[in-house]
Amino acid sequence: MKIFIDNGHGLMTAGKRSPDGQFREPFYNREIARRVVSDLRDRGLDAELLVPEDDDISLAERVRRVNTACFLLGKQNVILVSIHVNAAGNGSKWLNATGWSAYTCKGQTASDKLAECLCQAAIKNFPGHRIRTDMSDGDMDWEEGFYILRKSLCVAVLTENFFMDSRSDLEYLQSRAGKQAIIDTHVEGIIEYLNK
């Protein structure tokens, strides 16, 4: 199974920072994604960064890379997890939204199973922190028309790892324990999905 880990946003993507400007999402996503890939490889899995470059790689190019692997290996042999940090506003002020969430494309798809595994890992790894869920269709993931989820041919999930414009979430995001819990959530969720 080929596992692509997508570090959301390039280093020059506008915005994508905390209100005080100290936290930059693209840098954080890259750190987490690299560590997730490293942990998966240490377990003998075929994991790869979707975007090893620091440049702003377009969503269309990201999807092209995923779908090329789908054509070569079979879409049932590829999964994609795109790592992000959420924001409740436009980055101009501190807000109160908190929590972790997973997204799939709309409708019942094979991606729901991976999202469910990630959500269960999040519940385990983030005690005392909010897990944001949408149970309206019987599972915990949120459904959105995000381009990378809609256009990728394989199982694909996007995670929003807490809020960069929440002081409490940001403190957790930047802590050693918070980073490790986010890494563990992705690694454990992916492994549980593969085991099923």
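In what order do the six strands of the open sheet stand?

## Sheet

The order is S2-S1-S3-S6-S4-S5, and the pairing is mixed. Strands pair where DSSP finds at least two bridges between them. At the edges stand strand S2 (46-49) and strand S5 (142-143), each of which pairs on one side only.

Strand S1 (residues 2-7) runs parallel to S2, with four bridges between them; Lys2 has Asp46 in S2 as its bridge partner. Buried here denotes under 20% relative accessible area, exposed over 50%, and partly exposed the range in between (1.4 Å probe, protein chains only).

## Basis of the model

The model is predicted: local features need pLDDT of at least 70, side-chain atom pairs count only at pLDDT 80 or more, and totals for chains, interfaces and linings use all residues. Residues are numbered from 1 along each chain as its sequence is written, and side-chain values use heavy atoms, with hydrogens and water left out.

## Overall fold

The chain contains six helices and six strands, in the order β-α-β-α-β-β-α-β-α-β-α-α from the N terminus. Helices (H or I, at least four residues) and strands (E, at least two) are DSSP runs, numbered from the N terminus. The radius of gyration of the chain is 16 Å, close to the 16 Å given by the globule rule for 196 residues, so the chain is as compact as a globular protein of that length. This radius is taken over C-alpha atoms, and the rule is 2.2 Å times the number of residues to the power 0.38. The C-alpha trace spans about 45 × 35 × 35 Å along its principal axes.

Of the 196 residues, 50% count as buried. Among contacts (heavy atoms within 4.5 Å) between residues at least 6 apart in sequence, 77% join residues at least 24 apart.

## Lys179 in helix H6

Lys179 belongs to helix H6 (residues 176-195). Is this residue buried or exposed? Lys179 counts as buried because its relative accessibility is 18%. Apart from neighbours within four places in sequence, Lys179 is in contact with Tyr28, Glu31, Ile32, Arg35, Tyr172, Leu173 and Gln174.
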